[in-house]
Every structure is written in C-alpha cells, then in structure tokens.
Amino acid sequence: MNMDVNQRRRRGSSQKDSWRKVLLLAYQSLGVVYGDLSISPLYVFKSTFAEDIHHSESNEEIFGVLSFVFWTLTLLPLFKYVFIVLRADDNGEGGTFALYSLICRHAKVGLLPNRQVADEAVSTYKLEHPPEARSSSKVKKLLEKHRALHTALLVLVLLGTCMVIGDGLLTPAISVFTAVSGLESLMSPKHHEYAVIPITCLILVCLFALQHYGTHRVGFIFAPIVLVWLLCISSLGLYNIFHWNPRVYEALSPYYMYKFLKKTRISGWMSLGGVLLCITGSEAMFADLGHFSYVAIQIAFTFLVYPTLILAYMGQAAYLSKHHKNSAEISFYLSVPESVKWPILLVAILASVVGSQAIISGTFSIINQSQSLSCFPRVKVIHTSDKIHGQIYIPEINWILMILCVAVTIGFRDTKHLGNASGLAVMTVMLVTTCLMSLVIVLCWHKPPLVALCFLLFFGSIESLYFSASLVKFAEGAWLPILLALFLMTIMFVWHYATIKKYEFDLHNKVSLEWLLALGPGLGISRVPGIGLVFTDLTSGIPANFSRFVTNLPAFHRVLVFVCVKSVPVPYVPPAERYLIGRVGPPGHRSYRCIIRYGYRDVHQDIDSFESELIAKLADFIRYDCSRKCETDSPLADNESRSNESSSESRLAVIGTVVFPNAATYDETEESLQPASVSIGFPTIESMGDVIEVEPVGVGKRRVRFAVDDDESESEVQLVGMERQLHQELEDLWAARQAGTAFILGHSHVRAKQGSSILKRLAINFGYNFLRRNCRGPDVALRVPPVSLLEVGMVYVV
C-alpha cells in the first residue's frame with residue numbers, strides 16, 4: 001500500500017516538473033516568437049484606413065475591419081498554425097526548410113547532388129511506414145517522375161526563403177517607425193517632423209550594430225518586455241471597451257465583414273492589405289519551433305497572446321467608434337490616455353526592438369540553412385553562443401540589412417508604404433507554407449489527397465484574398481519585396497544550378513582507383529611525410545583535382561584522406577553518426593575516405609577541433625577494421641583478396657561510441673574515441689555494389705574477444721600478425737600527424753561549354769563567377785589556416 005502511495009507521489013511530482021518546464025518555455029517564447037506579432041496593433045488600423053477607406057459616422061468601416069481582424073487571427077495563426085502546421089515538425093524543427101526536408105525524405109524530389117541511401121540510416125532521418133493508399137502513392141510517383149516538378153518545388157521554397165529575408169528588412173523598419181511615430185501626439189508638428197525619422201534610423205543602426213554580441217546577452221529581458229507590452233495593450237483595450245463602447249463585441253460577428261464589403265466594395269478589398277498586418281510574425285511560431293516545444297508555443301498563443309491581441313483591437317475599435325473628428329489620422333496612440341502616453345511609448349519602442357530582433361535572428365538562421373543546402377553563396381557564420389544552439393551572426397548580411405532598412409525608412413517615410421511592402425512579404429511566406437503543408441499531409445502523414453486539397457483550398461483561398469489585396473498596391477510599396485525576391489532568387493538559383501553542374505562534372509571526370517594504386521616510385525611519384533586531406537564533393541572515386549595535383553607536383557602524403565563534407569536533409573546529425581570512414585585501396589596504401597554529414601541546422605566545427613577529431617576517428621576506424629578481421633577469423637593469407645575487396649572501395653563504417661575494450665591500441669592516439677559499428681548493407685546512388693556499415697539506434701557495447709585455442713597455433717600467429725599490423729598502421733598515422741596536415745582544395749573556374757544558350761552563359765560565365773570571386777572561398781568557410789592550404793586550379797566546362 002505504501003509503495004503505491006510513493007509511486008503516485010513520484011508520478012505527481014514528475015508531472016509537476018514537466019508542466020513547470022512547459023510553462024517556463026511558454027514564458028520564454030514570448031520574447032523570441034511573439035515579439036513581431038504582439039506589436040501589430042501599432043499599425044494595423046493606421047495602415048487599413050490610410051487611403052482606401054474612411055472612418056464614417058455609421059461605424060460600419062471600423063466594425064467591419066475589427067471583424068476581419070478577429071477572424072483572420074482566429075483562422076490563420078490559431079487554427080492553421082497552432083493546431084495543424086506546428087505538428088509538421090522535422091525532429092522538433094520548423095520552418096520552410098523543415099517542410100522541404102520532410103518532403104524530400106518521403107519522396108525523391110530533392111536536388112542535393114551527393115545523396116546516398118546510407119543517409120537514411122541516420123537516426124534523425126525519421127520515416128513513417130509507407131502509405132497503403134493508392135492515391136497517395138500516385139501523388140508521390142507523379143512528383144518523382146517529373147524533374148520539372150523537383151525544380152518547381154525548389155523554386156517555391158526559395159521564394160518563401162527570399163520573402164522571409166525581405167520580412168527581415170521590412171519588419172524592423174515598420175515596427176520601430178510606427179512605435180516612434182507616437183511622438184507626433186506628444187510634440188508640436190514643427191518638431192516631430194524632424195524627430196521621427198532620425199530617431200527611427202538611430203534605433204535601427206544601434207539594433208544592427210549590437211547583433212554581433214548575440215541575442216543571449218540581452219535575451220533574458222525580451223520575454224518581460226513583451227509580457228509587459230501585452231498586459232499594457234490588453235489593459236488599454238479593456239479600459240476603452242468599458243469607457244467608450246461596451247457593445248463593440250457585436251462586431252466580432254462575420255455579418256459585419258459582409259456589411260463592410262457591401263458598402264466599400266473595391267476600396268474595401270484593397271484595404272485588406274492593411275488588415276493582414278495583424279498576422280505578421282505568425283510564421284515565427286513555426287520557424288522557431290526548434291527552440292521551444294509544440295505545447296509551450298500552443299499554450300503561450302492560445303491563453304495569452306491571442307486574447308490580449310483581440311482585446312487590444314477591440315479597445316481601439318471601441319475608441320474610434322466614438323471619435324470621428326480625427327478620422328483622417330487614425331493612430332494607436334489616439335486611444336491611449338494622456339496620463340500614460342509616455343510610459344506606453346517607451347514600452348512600445350522596446351517591444352518593437354524585441355520584435356525586430358526576432359525577425360533579424362530568423363533571417364540569419366534561414367540564410368545559414370540555405371547555404372548548407374548549396375542554395376546561397378558562402379558567407380561567414382559566427383556562432384554567438386557556446387551554450388545556446390543555433391544563435392548565429394552573419395556580418396555581411398547584417399550590414400546589408402542595416403543599410404537597406406535605413407534606406408527604406410528614409411525613402412518611404414510613412415506606415416502605408418511600409419505596410420504594403422511588409423504585408424506582401426508576409427502573405428507570400430504563408431502561401432508557400434500552405435502549399436508545402438498540403439504535400440506533407442499527403443506524402444508524410446499519408447492522408448487522402450482530398451484532405452490535403454481541402455486544406456489547400458480553405459486556407460489558400462483566404463490567403464489569396466489578402467495576397468491579391470497586397471499585390472494591387474504594387475506602385476505603393478509592394479514592388480519592394482517583389483524586386484528583392486527576384487534579385488535574391490536569381491542569386492540563389494544561379495548558385496545552386498552551378499553547384500549541381502560542378503558536381504556532375506566531377507562525377508563524369510573522376511579517376512579510377514586503379515590509377516591511384518598504380519602511382520608509385522616507378523612512375524616518379526614519391527610519398528612525403530604528413531597527412532593530406534583532399535576535399536571533394538564526391539562520395540566515391542578519386543576527384544579530378546587530385547589527379548591534376550599529382551600531375552603538376554609528383555608527390556602526395558603518406559596518409560591520404562579524401563574528405564567529403566555533405567549536407568543531409570535532416571536538421572541535425574548526431575555526432576556519433578556524423579563520420580563515415582572507409583579504406584581506399586589496400587591497408588598498406590594508407591588511403592582513406594571520410595564522409596562527414598551535417599544537417600541543415602548543424603554547427604560546423606572549427607578547423608582545429610575538426611582536424612583532431614578526424615584523426616581520432618581514423619584511429620578508431622583502424623582499430624575497428626582490425627577487430628572486424630579478428631572476429632571473422634580471416635587468415636593473413638587472404639590479405640591479397642582483401643586488398644582486391646578494398647580496391648573497390650567496398651566498405652564504409654559509421655564511427656560512433658561503442659567500445660571495443662579488447663582491441664589492440666596504440667598509446668600515442670589513445671585519447672581518441674573507441675570505434676563503433678555494426679554492418680548492414682546499404683547501396684549508394686553512385687555504386688550499387690558499395691556496402692555501407694551503419695550503427696543502428698540503441699546498440700549497446702559490443703565486445704570483441706580474441707579467443708586462441710591451444711591446439712591452433714596457426715590462429716595465434718594470425719592474431720599476432722594482425723596486432724602487429726594494427727600497431728604499425730596507428731604508428732604511421734601518429735607519425736604523419738606529427739609531420740603536419742595539408743588541406744588540398746580545388747580552386748575552380750566555371751565556364752559554360754560552347755553551344756550553350758545565352759541565358760546559361762550569362763548565369764555561369766558572369767553570374768556564378770562574379771559571386772564566387774566576391775564571396776567567401778571554401779578555405780574561409782572551412783576556416784583552413786593559410787599556411788596549411790594547397791589550392792589546385794581547375795577549369796570546369798559545364
């Protein structure tokens with residue numbers, strides 16, 4: 001009886017701790033996720049009534065707009081995102097690339113060049129059971145069959161990415177400008193005309209100048225600021241409702257939307273471009289899912305953010321319904337009592353800075369993801385926090401955003417144009433999410449296509465209504481995100497296209513392994529002390545840049561490692577599953593292949609830790625390979641046959657953390673991890689004969705026992721010989737490390753082949769080569785020290 005009571009108490013305490021953790025995450029999400037969404041009451045009514053419609057004595061316009069705001073907030077952020085889209089997470093991660101990653105894993109529609117079937121063995125590469133419905137398999141077959149659909153899907157993802165970057169430019173401008181514009185009601189017209197723009201630009205410059213410190217240094221005050229702001233606007237809303245018009249709740253009826261459109265007609269439809277600003281920042285709930293949890297974000301929005309925003313909009317509408325004299329200049333600050341205007345203005349400016357910070361950080365994150373998937377030129381990525389994963393700073397992007405943000409603020413100078421530009425960017429991202437989500441419903445959730453079609457038609461029609469209302473404002477500010485998206489998409493698509501063409505060139509011009517094994521003193525080739533790391537995009541075969549290197553400099557290192565750093569369509573690759581290592585040729589050749597896999601949110605190592613870990617993993621692989629031979633009781637006489645097996649690059653192994661306690665070791669490299677792997681077959685895309693060794697999830701320690709029978713002296717000799725061979729190979733690795741490491745990278749110049757179209761020649765000869773010359777090189781991206789760098793010039797004719 002006492003045991004049952006104790007178990008109940010323990011269960012109750014654990015549940016309390018879990019709920020406490022969820023509530024803490026919900027509180028922290030206020031500053032990161034909801035900063036942008038919470039400041040929308042500053043400019044929604046002002047943008048809506050900017051020019052298209054006017055506030056009349058009948059109040060039909062203000063009540064119609066309130067009804068639109070209420071149902072837009074209810075249907076899109078609450079129903080679509082909180083209850084549906086947030087469930088489509090990729091190992092806890094959200095955003096445009098998370099949806100694209102899910103689709104690529106469930107259907108072969110990805111355009112990443114060096115994909116391997118072995119990547120599917122990564123534990124984060126979650127696949128549900130294949131669908132049984134014929135209709136869903138037809139959708140999958142249709143997508144996989146037509147390569148044009150693969151390209152269209154990538155273009156759709158890039159469009160959403162470009163609009164997120166555009167939002168990162170426009171949101172700080174409109175948020176800070178609208179918050180500072182509250183000075184208009186506190187200063188004389190002569191003074192505020194010369195104060196609002198300079199103060200806004202000063203705040204924006206300071207905001208971008210502080211980015212290199214990272215959000216973690218000031219992030220602890222973000223949540224309290226947004227919480228205080230939400231409490232302020234909800235309190236103001238309640239005050240205005242009870243003081244001016246308690247019957248404003250009647251405007252929540254959809255009937256007022258019908259009355260509004262019936263009276264205002266086309267001008268009312270065009271004014272919806274201002275209404276949609278009430279949902280700016282909703283995409284952040286999904287994009288920042290990885291930093292929190294589904295339940296935390298759901299609780300924060302449903303029980304705090306959503307009701308406070310509704311109260312704020314109702315309060316503004318209640319005030320405006322009784323004040324028609326200032327209908328030409330509708331502003332949030334008109335509904336604020338004089339006694340609290342200065343405190344509200346200060347909190348509003350702080351909240352706008354928090355909201356801007358969240359979208360700027362999101363812009364850095366999505367550019368980093370684009371870069372990892374070969375969709376963006378290489379830029380310098382600085383990780384601003386050792387403890388908090390994913391907080392990054394990109395200097396080039398930061399200063400470009402700052403200059404453009406200040407220029408947009410000075411150029412537009414009003415909420416109307418800024419709102420039109422921001423609204424189009426926000427709604428485009430939402431439409432992209434809806435399209436991708438409909439594919440996830442069919443391909444990943446295995447629902448009938450009819451369900452996905454209903455989702456697409458219902459939410460797509462609402463978003464298309466707002467999108468069309470924004471698009472007609474092309475000449476009044478909406479041109480900016482379109483122009484920016486076209487420019488960014490051109491850059492991203494040219495870079496991705498040229499990267500794929502370079503990979504295809506490498507694939508068709510790779511050198512056979514027999515050529516490498518034939519290199520020796522007889523051909524005037526010498527092996528020099530040290531480790532040579534040859535970087536390539538190929539996962540098998542010898543790259544052409546290495547053959548060019550040996551042709552011009554007839555020598556290469558004693559230990560040769562062909563390194564392929566590749567991206568896998570998952571957010572994270574566990575460190576224990578990151579390294580795939582195998583031999584290239586027989587053991588005596590001392591050549592290896594190492595494939596290093598990263599997810600699109602993974603942090604790439606700096607070169608010092610990378611070099612140390614790579615050599616440690618090589619030592620682990622050598623021990624593992626020896627223990628595998630001992631386990632299979634392979635005689636030394638079969639070395640020649642094993643050399644033939646090795647010469648075909650037949651085995652790669654995932655080096656993890658399972659211990660081989662009885663395997664012979666070498667003292668100098670003992671600080672490295674012990675090897676791990678269990679082998680199962682996985683053919684690669686390029687060579688169906690390859691066998692990939694992977695470590696299944698949940699494998700415990702695997703012990704290898706060297707058993708020697710007294711009667712079998714031959715086996716004892718074999719064992720001693722293998723241990724001697726292991727000792728010698730580890731000794732050679734250690735000596736090569738002491739001699740130094742050279743990083744051999746290709747310095748490429750890409751040229752379109754003769755007979756190519758004008759568009760291709762422009763994209764390759766001018767576009768890609770201009771980007772390559774003016775962006776970070778692979779040596780900078782890999783942080784290779786110049787003293788250890790060897791660059792091999794290569795001309796790619798694609």
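I take helices (H or I, at least four residues) and strands (E, at least two) as DSSP runs, numbered from the N terminus. The model is predicted, so I note that local features need pLDDT of at least 70 and side-chain atom pairs count only at pLDDT 80 or more, while totals for chains, interfaces and linings use all residues. Residues are numbered from 1 along each chain as its sequence is written, and side-chain values use heavy atoms, with hydrogens and water left out.

**Ser788.** I looked up Ser788 and found it in the loop between α25 (778-781) and β11 (789-797). Its relative accessible area is 17%, which I call buried (under 20% relative accessible area; exposed is over 50%, partly exposed in between; 1.4 Å probe, protein chains only). For contacts I use heavy atoms within 4.5 Å. Leaving aside residues up to four places away in sequence, Ser788 touches Thr741, Ala742 and Phe743.

**Ile615.** This residue sits in helix α21 (residues 607-631). I count Ile615 as buried because its relative accessibility is 5%. Apart from residues up to four places away in sequence, Ile615 touches Ile531, Leu733, Arg737 and Thr741. I also checked Val561, 54 residues from Ile615 along the chain: the two C-alpha atoms are 9.8 Å apart.

**Gln371.** I placed Gln371 in helix α14 (residues 341-372). Gln371 is buried, at 17% relative accessible area. Its contacts, not counting residues up to four places away in sequence, are Phe376, Pro377, Arg378, Val379 and Val381.

**Helix α17.** Where is the kink in α17 centred? I find it on Gly460, at about 30 degrees, in a helix that covers residues 449-471. The bend at a residue is the angle between axes fitted to the seven residues ending there and the seven starting there. Gly460 is among the buried residues of α17, including also Phe455, Phe459, Ile462 and Tyr466. What covers the buried residues of this helix includes α4 (60-82), α11 (266-275) and α16 (415-443).

**Nonpolar cores.** I define a nonpolar core as a set of buried Ala, Val, Leu, Ile, Met, Phe, Trp, Tyr and Cys residues joined through side-chain atoms within 4.5 Å. The largest has 166 residues, and Tyr34, Leu42, Leu73, Trp229, Phe301, Tyr313 and Phe332 touch the most other members. Helix α13 (residues 294-320) gives the largest share of this core, 17 residues. I then followed Phe332, which touches Pro41, Leu42, Trp229, Ile233, Leu236, Gln316 and Ile344, not counting residues up to four places away in sequence. A second, separate core has 33 residues, including Ile622, Cys626, Ile655 and Leu726.
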